[in-house]
Amino acid sequence: MNNLEKAIKLATLGLYVLPVQHNKDSTKNPVTPKGYLDATTSQELITEWYTKTYPHADIGIHTGRSGIVVLDRDIKVNEKTGEITTDGFEELENNWIIPP
């Protein structure tokens with residue numbers, strides 16, 4: 001499945017998508033003129049983006065408009081001790097209901 005097909009599938013599920021580019025530091029940025037404000041569920045616009053305007057872009061999701069919340073769990077290994085840390089995720093697990 002290519003990015004056009006994936007973006008349309010996400011849009012049919014009610015998720016607002018937009019084309020993004022990956023940066024060298026692993027961040028992602030919208031490539032459209034209004035950034036995340038251009039996120040859409042319009043299959044026509046998504047098709048134009050991924051076939052003509054931004055054919056090599058990755059897919060971003062406007063989580064707020066889509067009504068979803070995303071937790072990004074970063075796992076790090078201490079090179080000296082081998083200890084694994086998850087940047088405060090345990091606090092979330094201990095204080096909130098987190099699905100497995």
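Predicted model: local features only at pLDDT ≥ 70, side-chain atom pairs only at ≥ 80, totals over all residues.
Q: How far apart in space are Gly14 and Thr41, C-alpha to C-alpha?
A: Along the sequence, 27 residues separate Gly14 from Thr41. In space, the C-alpha distance for Gly14 and Thr41 is 6.7 Å.

Q: Which pattern does the protein follow along the sequence?
A: The protein has four helices and five strands. These are DSSP runs numbered from the N terminus (helices H or I, at least four residues; strands E, at least two). Reading along the sequence gives the pattern α-β-β-α-β-α-β-β-α.

Q: How much of the protein counts as buried?
A: The protein has 100 residues. Of these residues, the share that counts as buried is 23%.

Q: Is Ile46 buried or exposed?
A: Start with its place: Ile46 is in helix α2. The C-alpha atoms of Ile46 and Val17 are 7.9 Å apart, although 29 residues separate the two along the chain. Ile46 has a relative accessible area of 0%, so it counts as buried.

Q: What does Glu48 count as at 41% relative accessibility?
A: Glu48 also belongs to helix α2, which covers residues 43–53. Its C-alpha atom lies 9.3 Å from that of Leu4, a residue 44 positions away along the chain. With a relative accessibility of 41%, Glu48 therefore counts as partly exposed.

Q: Where does Ile68 lie?
A: Look beyond the helix here. Ile68 has 33% relative accessibility and therefore counts as partly exposed. Its place is the loop between α3 and β4 (76–77).

Q: Which element gives the most to the lining of the largest pocket?
A: A pocket is an open set of points on a 1 Å grid over the protein atoms alone, where a 1.4 Å probe fits, with protein on both sides within 12 Å along at least five of seven lines; lining residues have an atom within 4 Å of a point. Here the lining is formed by Leu18, Lys28, Pro30, Tyr36, Ile59, Gly60, Ile61, His62, Thr63 and Gly64. At least two lining residues come from each of β2 (28–30), β3 (58–61) and α3 (63–66). With three residues, the element that gives the most is β3.

Key. Residues numbered from 1 in each chain as written. Heavy atoms only, no water. Buried < 20%, exposed > 50% of the residue type's maximum accessible area, 1.4 Å probe, protein only.
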